[in-house]
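Hi,

Here is the structure I promised to pass on. Have a look at it first, then read my notes below.

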Amino acid sequence: MILYTSDINMKKTGFIYLAISLFCMVFGRVYEYFSHEVYSFYMIYAFVFPLIGGAVPVYTALFLGKTLKTTRISFNLWNSAIAAFTAGSIMKGILDIYGTTNKIITLYPVIGVITAAGAFISYFLRKIPAEPI
């Protein structure tokens with residue numbers, strides 16, 4: 001879903017998503033190290049959302065030599081969906097490690113699904129400008 005108009009923007013965004021994935025891996029590992037051997041799968045696998053939702057599509061498109069176009073709103077909504085899923089996973093992991101629950105955790109996946117759906121809808125309903133004659 002992450003679509004760009006230039007290879008430079010694609011490479012930059014792919015790198016940012018890889019950096020976020022790496023940060024989530026390191027953060028989860030360090031947090032669990034200091035949590036006295038208490039683990040949470042939500043914390044361990046929080047890196048998957050930016051990796052699968054961001055870096056993989058970008059680098060797949062680059063590998064295939066595709067430069068895809070999108071609107072800014074669908075790009076922003078897609079990034080927001082990945083952020084909601086990632087933050088929700090980290091927060092759920094923190095609460096699992098701490099040994100408590102919170103009802104607000106259920107909002108993260110809902111917001112992620114809504115913004116991802118909005119990204120798809122805005123992508124497919126975008127207006128394609130007419131070519132000049």
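**What I found**

Among contacts (heavy atoms within 4.5 Å) in the protein between residues at least 6 apart in sequence, 82% join residues at least 24 apart. Bear in mind that this is a predicted model, where local features need pLDDT of at least 70, side-chain atom pairs count only at pLDDT 80 or more, and totals for chains, interfaces and linings use all residues. Residues are numbered from 1 along each chain as its sequence is written, and side-chain values use heavy atoms, leaving out hydrogens and water.

The protein has 5 helices and 0 strands (DSSP runs numbered from the N terminus: H or I of at least four residues for helices, E of at least two for strands). Of its 133 residues, 32% are buried (under 20% relative accessible area, with a 1.4 Å probe and protein chains only).

Take a look at helix 3, residues 48–63: there is a bend of about 35° at A55 (the angle between axes fitted to the seven residues ending there and the seven starting there). A proline, P57, follows within four residues. A55 is also one of the buried residues of helix 3, which include G53, G54 and V58. After helix 3 comes G65, with a positive phi near 75°.

Next, helix 4 (residues 72–98) and helix 5 (residues 107–124): their axes come within 8 Å and cross at roughly 165°. The two helices are therefore roughly antiparallel (over 145 degrees, between N-to-C directions of lines fitted to C-alpha atoms over the stretch in contact). Among the residues making the contact are W78 and F85 of helix 4 and Y108 and F120 of helix 5.

Cheers

Note on methods. Buried < 20%, exposed > 50% of the residue type's maximum accessible area, 1.4 Å probe, protein only. Axes fitted to C-alpha atoms, helices over the stretch in contact; angles between N-to-C directions. Parallel < 35°, antiparallel > 145°, perpendicular 65-115°, else oblique.
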